[in-house]
Amino acid sequence: MKERLSVAFVAERQIPPAPPPAKTGGVVGWLRENLFSGIFNTVATLLSFAFVAYVLASVVPWLFLDSVWNASSLQECRKIDDGACLAVINERFLQFVFGFYPDGLRWRPVLAFALMFIAIWPALFASAPRKLLIFTGLYPLLAYWLIWGGSFWGPVGVLAGPVLGWACVRWLPGLMRGWLDERLVFLAAVGVGLLATVLWWLFGVTVFDDTLSAVLAVDLDSVESARLGGFLLSTIIGVSGIVGSLPVGIVLALGRQSNLLIIKACCVGFIEFIRGVPLITLLFVAWLLLAYFLPPGTEFDLILRVVIMVTAFASAYMAEVIRGGLAALPVGQYEAADSLGLDYWKSMQLIILPQALKVSIPGIVNTFIGLFKDTTLVIVIGLLDPVGLLQPIRADQNWNGIVWELYGFIALFFFIFCFAMSRYSMHLERNLDVGHR
Amino acid sequence: MTVAATEWDEERRSMTASSEIAVEITGMNKWFGEFHVLRDINLTVYRGERIVVCGPSGSGKSTLIRCINALESHQTGSIVVEGTALSSDIKNIDRIRSEVGMCFQHFNLFPHLSVLENCTLAPIWVRREPKKDAEDRAQYFLDRVKIGDQALKYPGQLSGGQQQRVAIARSLCMQPRIMLFDEPTSALDPEMIKEVLDVMVDLVETGMTMMVVTHEMGFARQVAHRVIFMDEGQIVEQNEPETFFNNPQSDRTKLFLSQILSH
């Protein structure tokens, strides 16, 4: 060492930012980085390409080039070409979609399905006009009326129940204020409101319906639940379950965190019970046992019972997913909300839930997708969902022996729905990401 | 304590701008489980008074100021804030909280809301102000903490010092009568501590009643009317900053000061 190195150093100029070297950018850079970054990766890439090519080479001709769309039986298909016999789907398509829904009335579920997109638009996308949310709120009753038919005044009567309850909560406290403790007034009004709603549903709706029908009858031909089937049935159960399980799950998750012992115990009990029991068991309960517990003479539609059970089942899982989201929030968020004087419900609505739900999106959508696919289990209680419709088709002499085409078609239907949900959840996560940390 | 509480109060009354009481804590005790975290706290804070609370970690200083807006509940004794006694009544607690602003060590901004929304949320939802008024005032306070041009950004896009200044503005938007600061600069890089302290000094000029838990002894010397030293859950010594730093009385205080001032 000739000379002592000096430790003192002062930068003479600021170094301006420069673009990265060409090798690492662009298409070539990407290929090099991701597919051919070493011997092992190169071999793996080539093997994967070979595998994909092999699969496509057998699937594409079978499904597209050699497939048969028009034939009246499997034998006829085989005579025409040796690809997929899609004629069976061509022939039974409407049955797959509607089940045994009466021919002339099929525009009604189609209309309901189309309107569903308008109803969910404002719920899914913030850019939609907010006023549409009113339509979203009314949609379930409208869809019910379109699909099951009957008197228009029935659903209106059902809607009148909560309105009545709300009116009680809104106006009763003013009347009771004089002779009851301030906090009891509100509780009492809520209690009376709930009671009024339930009593109205049990006894008022029929009278309301009959009276108004006598004045002005607005009827659609009614369709029995037994005639609903296929994708229509899957969609009804799936969508109702999804829409119902999120709010119920939120309430259960908040209840589970509650300081009030009884509320907490009820929520924990419900969640643990439902999670501990297979869905099929619950469906059997809906099918067989519920009838014993209900007062004699009450008509309780089987599909409605199934929807309730599926919703209860999914909401227990939902509650645990959301509890995870709540647990992920730093305690400082609760404290900041408290310190600004926000009460419990406002801090939940404005601060805690928006963040907890955002964190939980992947889990929530996971539960939705699971629920949607679980709707195929209704086959065990005799409802004809798409899988349930396969039995009669495969038993048909003409189509005896056909497997791949039918199951593939049903799989495709579920895949489209579930993939759409998955994409939407990713879109939502991206949109809600506002640079945390 | 070198000065008896009553004598101290007499003296204080002449020194501060006001003789009106902002916070009065009498015989307050608090336990975390079996652990006696606050022991017989007696403290009167006058309007316009600025108090710095210091002490080693675990001495209960944060817990003390968190009791004032009921983030922690106390078990015995009483706390009266601006004439309202803290009880378990939720309405009382919410009213006190909307009068008492609080800044936290880790800022605790709402990350899903923009800076402006952070500031307008409580005025709109708690005070039920029109959105326009709330936004105007938020913008005023954001300008005041010198961050007005960042109003539409999200907290995650700001530096720690900027976030803490937003947190101060957020509290001020509720137009509180008392501001509590719980180690507002402890989580900040040295370069950012000054910008936050500057904002707090600016706040001092408005005559705000302030209680500050901090290790910034320079700040304490500069603005505090009174410095309180806590150890093991009790108030060990309190005095004007000048006397407190130059002539501490208790051995525990001397030890503490020698340790934090030596580096």
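Which residue takes a positive phi in the hairpin of strand 1 of chain B and strand 2 of chain B? G33(B) does, near 60 degrees, and the hairpin has 2 residues between the strands. This is a predicted model: local features need pLDDT of at least 70, side-chain atom pairs count only at pLDDT 80 or more, and totals for chains, interfaces and linings use all residues. Residues are numbered from 1 along each chain as its sequence is written, chains are lettered from A and ligands numbered from 1 in the order written, and side-chain values use heavy atoms, without hydrogens and water.

**Sheet in chain B**

- An open sheet of 4 strands runs in the order 2-1-4-5, with antiparallel pairing. Strands (E, at least two residues) and helices (H or I, at least four) are DSSP runs numbered from the N terminus. Two strands pair if DSSP finds at least two bridges between them.
- Strand 2 (35-46) and strand 5 (84-85) of chain B are the edges; each has a single partner strand, so one side of each lacks a neighbour in the sheet.
- Strand 1 (residues 21-32) of chain B pairs with strand 2 of chain B over 8 bridges, in the antiparallel sense.
- M28(B) has I41(B) as its bridge partner in strand 2 of chain B. I21(B) stands opposite Y46(B) in strand 2 of chain B.
- Helix 2 (residues 61-68) of chain B lies across strand 1, strand 2 and strand 4 (76-81) of chain B. Its angle to strand 1 of chain B is about 120 degrees. Axes are lines fitted to C-alpha atoms, for helices over the stretch in contact, and angles run from 0 to 180 degrees between N-to-C directions.

**Nonpolar cores**

- The largest nonpolar core has 130 residues; V306(A), V23(B), I25(B), I41(B) and M211(B) touch the most other members. Such a core joins buried Ala, Val, Leu, Ile, Met, Phe, Trp, Tyr and Cys residues through side-chain atoms within 4.5 Å. Buried means under 20% relative accessible area (1.4 Å probe, protein chains only).
- Helix 12 (residues 302-328) of chain A gives the most to this core, with 14 residues.
- Another core, of 48 residues, lies apart from it; V212(B), M217(B), F229(B) and F256(B) are among its members.
- Not counting residues up to four places away in sequence, V23(B) touches residues including L43(B), V45(B), I68(B) and I178(B). Contact means heavy atoms within 4.5 Å.

Definitions and conventions. Buried < 20%, exposed > 50% of the residue type's maximum accessible area, 1.4 Å probe, protein only.
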